[in-house]
Amino acid sequence: MFYFGQNFGFFIGSLQENITHKHYALQVSVSFHSSLRLQVKGKDEILGQAFLINSKVEHQLQCEGLQITLLINPLSSIGHQLFLILDTSEFSILPDPITLLFQNLLKQYTTDLPQEEIAQSISDILREYSCLCENENHVQDDRIIKTLSLLEHHFDEILSLEAAAAFCHLSPPRFLHLFKEKTQLNFRRYQLWNKTIKSLPFLAHHSITHTAHAFGFTDSSHYTRTFKETFGFSPKFFVSKK
């Protein structure tokens, strides 16, 4: 089962074909019975029931049994709270109270709980653990906030560096520096991340080639490569699970 909303998405099922990858999202993974096998680049494999993995950490996660993996926008309120838990760590063991909530949710999933109810339950859990900041967007710079909004509304297009810089009334070098400082991702990479996430509902009902063209990728190979870099598996795996 796949689901992607505004600030988070999730996948429920086994993870046996996951390759080494990294992505912009913060990742929460919780297993039901089987252990998760986490391999972070340069470190020994770790077994556990629940992990929190930081943004842009190269890793491979595998689980033969039922598990839930959430990808969370680091700029969201819950993303900010999880980032505070991680500090500068590449990964962390997820606190027990949150782990138990997700394990109970997986138990309900085995009883054919509808996707909409699962998504709502996850949203409720994340809301409970969101940070207390008044502003849900933690970029804290109006120029970059407006740029992110522009990208949200034109995710199927390629916004040039020059156009984005002019939109913010900044020089291109200054814009690139400010964008990375506030989002922890370079401008081009953020666009690819945003378009890939936005493409998932469309991909559930269309071919890989059609999806690639509809969302502004050069071709299906470019889309597939970006997809694998983002999620650790190919879009064919996603299509096979829909």
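**Exercise 1. In which loop does His 169 lie, and is it buried or exposed?**

Solution. Step 1: His 169 is placed in the loop between helix H5 (161-167) and helix H6 (172-183). Helices (H or I, at least four residues) and strands (E, at least two) are DSSP runs, numbered from the N terminus. Residues are numbered from 1 along each chain as its sequence is written, and the model is a predicted one, in which local features need pLDDT of at least 70, side-chain atom pairs count only at pLDDT 80 or more, and totals for chains, interfaces and linings use all residues. Side-chain values use heavy atoms, with hydrogens and water left out.

Step 1: The phi of His 169 is near 60°, a positive value in a residue other than glycine.

Step 2: Buried means under 20% relative accessible area, exposed over 50%, and partly exposed in between (1.4 Å probe, protein chains only). His 169 counts as exposed because its relative accessibility is 74%.

**Exercise 2. Where is Lys 56 placed, and what is its phi?**

Solution. Step 1: Lys 56 belongs to the loop between S6 and S7.

Step 1: Its phi is near 65°, which is positive in a residue other than glycine.

Step 2: Lys 56 has a relative accessible area of 36% and is therefore partly exposed.

**Exercise 3. Describe the pairing and the burial of strand S3.**

Solution. Step 1: Strand S3 covers residues 26-31, and six of its six residues are buried.

Step 1: In a regular strand, side chains alternate between the two faces of the sheet. Leu 26, Val 28 and Val 30 point one way from S3, whereas Gln 27, Ser 29 and Ser 31 point the other way; all are buried.

Step 2: Two strands pair if DSSP finds at least two bridges between them. S3 is joined to strand S7 (residues 59-72) by six bridges, and the two run antiparallel. The bridge partner of Val 28 in S7 is Leu 70.

Step 3: S3 is also joined to strand S6 (residues 50-53), by four bridges and again in antiparallel fashion. Here Gln 27 has Ile 53 as its bridge partner.

**Exercise 4. Which residues of helix H1 are buried, and against what do they pack?**

Solution. Step 1: In H1 (residues 77-86), the buried residues are Ser 77, Ile 78, Gly 79, His 80, Leu 82 and Leu 86.

Step 1: These buried residues pack against S3, S6, S7, strand S8 (91-93) and helix H3 (115-128).

Step 2: After H1 comes Asp 87, with a positive phi near 60°.

**Exercise 5. At what angle do the axes of H2 and H3 cross, and which residues meet?**

Solution. Step 1: Two packed helices are described by the angle between their axes and the distance between the axes. Axes are lines fitted to C-alpha atoms, for helices over the stretch in contact, and angles run from 0 to 180 degrees between N-to-C directions.

Step 1: The axes of H2 and H3 come within 11 Å and cross at roughly 175°. Angles under 35 degrees count as roughly parallel, over 145 as roughly antiparallel, 65 to 115 as roughly perpendicular and the rest as oblique. H2 and H3 are therefore roughly antiparallel to each other.

Step 2: Contact means heavy atoms within 4.5 Å. From H2, Leu 101, Phe 102, Leu 105 and Tyr 109 meet Ile 118, Ser 121, Ile 122, Ile 125, Leu 126 and Glu 128 of H3.

Step 3: By class, this contact has eight nonpolar, one polar and one charged residues. Ala, Val, Leu, Ile, Met, Phe, Trp, Tyr, Cys and Pro count as nonpolar, Asp, Glu, Lys and Arg as charged, and the others, Gly among them, as polar.

**Exercise 6. How do the axes of H7 and H9 cross?**

Solution. Step 1: The axes of helix H7 (residues 187-203) and helix H9 (residues 220-231) come within 10 Å and cross at roughly 100°.

Step 1: The residues of the contact of H7 with H9 comprise eight nonpolar, five polar and three charged.

**Exercise 7. Is Thr 99 buried or exposed, and which residues does it contact?**

Solution. Step 1: Thr 99 lies in helix H2 (residues 96-109).

Step 1: Thr 99 counts as buried because its relative accessibility is 7%.

Step 2: Neighbours within four places in sequence left aside, Thr 99 is in contact with Val 30, Ala 50 and Leu 94.
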